[in-house]
Amino acid sequence: LKTGVPGTYRPVGETCPSTCAQLDAGCYAQGGRVALAQRRALSLTDSSLRSAALAMVEAARWSIPARLHVSGDFIGPDRTVDADYVEGLVSIAETIGARLGSLAVKAWSYTHVSRAEFQSRWDRLFAARVVVRWSGETGPWGAVVLSPHPGGYAKAARAAGVTYCPAQAAKDVGRTVTCLECRLCWERPHPVGFRPDYNTRPTPDVAVGGPT
């Protein structure tokens, strides 16, 4: 993983809210190498939890967080939030914390599920030290896809009031910064802005100062 930490995959579409603006409209997980992994992933709750447990335990051995569902989201077979999956993640995180006696973040992820549907689940996960960013939002713990800007994506991020992803900013100038080196996404609530991925063209969440 480019994140530099253990991660999991869930299938795109089956586990995603139908309201996601990126679904079938440039979602990064529907193209490139991530697409290969997500097509093999299972949406079954038990399978997702086994993968999460393995990733989170392995990450905890190195005192780092795991990246939950690099592809996919928190939706279950009935097209609502998979409550068993969420509670299973909470239980895994709490068990790891009890064994290691650590307050460190156990995992982080992103969701396109609305606050109205997910806020109470978000609170449960956050209390267990699983951080979830709100995709498509510029508020606290938000994450957005930036539109092109004549002055570059760093200026687009500043105009939108978000922090330009340090890993992507480094890549713009030929350097490499992993998520593990940055830690922004799980340590600070300030919203993060990402440029469209190299392999796909997701729909921008915020259009600032330039054509899309």
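Start by selecting Ser 109, which sits in strand S2 (residues 107–111); strands here are DSSP runs of E with at least two residues, helices are runs of H or I with at least four, and both are numbered from the N terminus. Before you go on, note that this is a predicted model, where local features need pLDDT of at least 70 and side-chain atom pairs count only at pLDDT 80 or more, while totals for chains, interfaces and linings use all residues. Residues are numbered from 1 along each chain as its sequence is written, and side-chain values use heavy atoms, with hydrogens and water left out.

**Stop one: around Ser 109**

Next, show Leu 68: its backbone oxygen is 2.9 Å from the side chain of Ser 109. That is a polar contact, meaning a pair of N or O atoms within 3.5 Å; within protein, one must be able to donate a hydrogen and the other to accept it, and residues adjacent in sequence count only if both atoms are side-chain atoms.

Setting aside neighbours within four places in sequence, Ser 109 touches Arg 67, Leu 68, His 69, Val 131, Val 132 and Arg 133 (contact means heavy atoms within 4.5 Å).

**Stop two: Glu 87 and its arginines**

Time for charges: the structure has six salt bridges, each a side-chain nitrogen of Lys or Arg within 4 Å of a carboxyl oxygen of Asp or Glu. Select Glu 87 and Arg 121, whose side chains form one of them at 3.8 Å, N to O. This pair links distant parts of the chain, with Glu 87 in helix H3 (residues 83–100) and Arg 121 in helix H4 (residues 115–127), 34 residues apart.

Colour by accessibility and you'll find Glu 87 partly exposed at 28%, Arg 121 partly exposed at 27% and Arg 124 partly exposed at 37%.

**Stop three: Glu 187 and Arg 183**

Finally, jump to Glu 187, which forms a salt bridge with Arg 183, closest N and O atoms 2.8 Å apart. Glu 187 is partly exposed at 44%, and Arg 183 is partly exposed at 26%.

Conventions: Buried < 20%, exposed > 50% of the residue type's maximum accessible area, 1.4 Å probe, protein only.
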